[in-house]
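Work through the exercises below with the model open. Try each task before reading its solution.

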Amino acid sequence: MSTDFDAIVVGAGFGGLYTLQNLRRLDMSVKVFERGGGVGGTWYWNRYPGARCDSESVYYMFSDRFSPQILDEWSWTERFAGQPEILEYLNFVADKMDLRRDIQFDTAVTAAVYDEANNRWEVTTDDGARTTARYLITAVGCISTTNLPAFPGLESFTGESYHTGAWPHEPVDFTGKRVAVIGTGATGVQAIPEIAKQAAQLFVFQRTPNYDIPARNQPLDPEYTTKVKQNYPELWEKARASGFGLPYQVSEGSALDATPEERQRVFQAAYDKGGFYIGLETYSDFMVNKESNDTISEFIRTKIRETVHDPATAELLAPTDHPFFTKRPPLETGYYEAFNRDNVALIDIHGEPIESITANGVRTPVREYEVDAIVFATGFDTMTGTLFKMGIRGRAGQPLERKWADGPRTYLGLATHGFPNMFMITGPQSPSVLSNMPVTIEQNAEFIAGLIGHMRETDADYGEANEDAEGRWVEHHNELADATLLLGTNSWWVGANIPGKPRTLYPYVGGVGPFRDICADVASKGYEGFTLASRTRA
Ligand code: NAP
């Protein structure tokens, strides 16, 4: 078996699968290493009850660029697809395109070292094997390293414990059990209503309330799906040119230009439509104008107060410490209603901090909550966590985590100076998590394949982001970030969920369409900002 390839790709989720296909189109030999036992990435691991996509399923898939046949053959059953259906889709894609033969499953990368003398990457995996390649492409996802906070006594708990991001493959039955869920982000918000239906008693530990928006999921009418399929060419173009990778009708105006009555009508219509329409199709300045943001924040708080029967619980669930959309707003299905059930109690960690995890449950200054199971919905070390775990070493043995010690430094989020021939899918400082991921992933993978194709055509085998181009990108990225309200809120978008992580905006806020245009311009200028050369000794 060969241990030497043109390219090594890490990860077999949306990003890895599309990258593999694009590199095959260049006739390259490719090896994909995947930590999981199957394809799917985030959808392989996140099997918790209620796990569902927050992008509408008809847009959360590969476009015709991957395969017109797959686009035509696959039809979703729900407006927001559940985890099992998305995993089925990605398996369908892998089978149809015969992708598995290049993927080695159950294999984690433990080191990836650039060998300067030979201009190759040497990758070590947890089976002890060493594999080399000219190019290293990371498609490791943005939300793939779980965060389990170091609660005192964590190890002493004798009941069942789960992290939503590493859920067992067999369904977990909470029937008749006492359960604690810690965390109320997008994941907790999806899991809590489902667990509440089974558990005898559910204690929800909340640190920060979110502005949860109703998803209004429903079965998809086949007629609607057919219409979407007919309009795909136009819809994909619109999504690619948009701010968030979705073909929505984005408003240009400020909420402050509307009368209170108009605003109410616009908010209500988008709220009734469900999903992210309320953030994207109403007014355009929520991320940059606090006063405008106050109007929508209050609208959602009012909805929470109207839904939750107990006024004290409603007040705890209504966020006042940060503006709407400065943290990722979860989509909910029956979340607020769950707190009207007799078997569900909300514990506000600010008023009643978690002192420790005990053998029997969760202790606060008020009491010990005895439970049979704890579900940690405590999120992830996003954007950089997985990259840092891979032991990536660039020129002169420089560790990636040392280069990024004060925050990521990238060129377009796709490459970083000092790490030649290494490219990233949805890396920090690219639109990534501020977009509908498949649309962004396609653009990233195509740019990288275009760059490598260009190098091969021009006999270059060494491609590195220039330090000055990187410096200008970081400056541009930060300038856009500084103009928003995002840095003022504690969220994983700015690294605030992980103690000691540099506080900076990790995803690029300039929008999917503008980012695409910038990349196209870079490519049209012969990949301006990259040093492309022939370095390999004969
Ligand atoms: P998250 O949004 O980071 O939420 C983690 C939760 O745990 C927060 O409520 C957080 O409180 C709490 N927490 C963290 N550390 C804690 C501690 N030491 N003590 C008490 N509470 C603590 O993580 P997530 O819910 O897993 O979601 C992560 C991201 O995954 C989402 O933002 C979204 O982008 C993505 N996601 C996507 C989908 C989809 O549609 N495709 C579905 C689910 C999730 P604080 O808020 O105070 O930090």
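Predicted model: local features only at pLDDT ≥ 70, side-chain atom pairs only at ≥ 80, totals over all residues.

Residues are numbered from 1 along each chain as its sequence is written, and side-chain values use heavy atoms, with hydrogens and water left out.

**Exercise 1.** Describe the shell around the ligand.

Step 1. Count the residues with a heavy atom within 4 Å of the ligand. There are 24, and Asp-54, Thr-187, Arg-207, Thr-208 and Lys-327 are the closest.

Step 2. Sort by class. The shell holds 11 nonpolar, 8 polar (Gly is counted here) and 5 charged residues.

Step 3. Find the top contributor. Helix H5 (residues 186-198, a DSSP run of H or I, at least four residues) gives the most, with 3 residues.

**Exercise 2.** Find polar contacts (N or O pairs within 3.5 Å) of ligand oxygen atoms.

Step 1. A polar backbone atom of Thr-184 lies 2.9 Å from a ligand oxygen; for Gly-185 the distance is 3.4 Å.

Step 2. Check side chains. Thr-187 places a polar side-chain atom 2.8 Å from an oxygen of the ligand.

**Exercise 3.** Where does H5 bend?

Step 1. Compare axes fitted to the seven residues ending at a position and the seven starting there. H5 bends by about 30° at Ile-192.

Step 2. Look onward for proline. Pro-193 follows within four residues.

Step 3. List buried residues (under 20% relative accessible area, 1.4 Å probe, protein chains only). Both Ile-192 and Pro-193 are among them, as is Thr-187.

Definitions and conventions. Near = heavy atom within 4 Å. Polar contact = N/O pair within 3.5 Å; in protein donor to acceptor, adjacent residues only side chain to side chain. Helix = DSSP H or I, 4+ residues; strand = E, 2+ residues; numbered from the N terminus. Buried < 20%, exposed > 50% of the residue type's maximum accessible area, 1.4 Å probe, protein only.
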